[in-house]
Amino acid sequence: MLPCPSIKEQVAFYEMLGFQTVQTYTRPNPYAVLKYGDVELHFYGSKKTLPAENPNMCYVQTDHVDQLYASFTSSIKEKTGKIPRSGIPRISKVKDLADDRRFVLTDAGGNTLFVGSPHSKSDTQTVFLRTIENTEHAKNFEILYDLLYSKEDSHSASLMRAKFFPKDLSQLQVSDLDLAKILLVALDMELQQHQALDEELNNKLSDLFEQYGKEDADWTQISQKYEDILNVE
């Protein structure tokens with residue numbers, strides 16, 4: 001059971017996502033039950049709950065994370081004209097992490113829902129973007145990746161990049177494929193922090209795409225991630 005300062009606002013938010021209200025009570029104890037497919041969420045009203053300071057969270061496991069994401073974002077955009085990436089409520093983009101593919105939803109009450117599809121053990125491509133072959137930088141890159149996407153802490157990720165990676169990333173003694181992955185993370189980091197495209201990083205990536213094209217499966221994944229990063233809804 002998750003708290004919220006206003007049951008009415010909480011119900012309105014989840015109905016906007018496509019949830020159905022099963023039960024709702026406003027007196028004497030505010031409470032609501034909402035359902036989406038097999039997922040059922042329970043909320044109780046608490047005037048003491050401050051959305052910006054709400055530490056409550058839950059994990060929703062699904063086999064269809066991309067379909068849920070598309071459904072939620074299309075509903076939000078249809079009703080509000082945009083997809084909120086900051087503030088409360090907000091919804092992140094879909095991310096590939098070590099254990100799953102997920103997005104993060106913060107609702108009107110400040111509760112955090114991690115919605116994810118666990119990776120199959122037989123899927124060898126699930127951590128492709130999170131790993132590089134260069135042994136000198138592999139561990140730091142994984143930490144950098146997780147800071148940006150799992151912790152959603154672009155500030156700490158930026159500090160780590162400055163500490164462990166050269167300012168000019170092209171100076172790294174790594175393969176072009178490893179370099180492209182590092183450039184992708186750096187480019188997304190700059191976008192998240194400054195809401196502006198870093199032309200130098202973008203040009204370096206564009207040069208690599210021009211050199212290798214999209215015929216190879218690995219470079220296709222790099223290109224798809226690049227297009228996702230640049231896709232500002």
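**View 1. Four strands make up an open sheet in the order 1-4-3-2.** The pairing in this sheet is mixed, and the model you are looking at is a predicted one. On average, and ignoring direction, neighbouring strands here are turned by 25° against each other.

**View 2. Helix 1 packs on the sheet.** This helix covers residues 7-17 and touches strand 1, strand 2, strand 3 and strand 4 (39-45). Compare its direction with that of strand 3, and you get an angle of about 5°.

**View 3. A hairpin links strand 2 to strand 3.** Strand 2 (residues 20-25) and strand 3 (residues 31-36) pair in the antiparallel sense, with 5 bridges between them.

**View 4. Helix 5 meets helix 6.** When two helices pack, the angle between their axes and the distance between the axes describe the arrangement. Here the axes of helix 5 (residues 176-194) and helix 6 (residues 199-212) come within 9 Å and cross at roughly 145°. It's a left-handed crossing.

**View 5. A closer look at the contact of helix 5 with helix 6.** On the helix 5 side you'll find D176, L179, A180, L183, L184, A186, L187 and E190. Helix 6 brings L201, N202, K204, L205, L208, Q211 and Y212. Sorted by type, the contact residues come out as 10 nonpolar, 2 polar and 3 charged.

Definitions and conventions
Residues are numbered from 1 along each chain as its sequence is written. This is a predicted model: local features need pLDDT of at least 70, side-chain atom pairs count only at pLDDT 80 or more; totals for chains, interfaces and linings use all residues. Side-chain values use heavy atoms; hydrogens and water are left out. Axes are lines fitted to C-alpha atoms, for helices over the stretch in contact, and angles run from 0 to 180 degrees between N-to-C directions. Helices (H or I, at least four residues) and strands (E, at least two) are DSSP runs, numbered from the N terminus. A crossing is left-handed if the near helix is turned anticlockwise from the far one by less than a right angle, and right-handed if clockwise. Contact means heavy atoms within 4.5 Å. Ala, Val, Leu, Ile, Met, Phe, Trp, Tyr, Cys and Pro count as nonpolar, Asp, Glu, Lys and Arg as charged, and the others, Gly among them, as polar. Two strands pair if DSSP finds at least two bridges between them.
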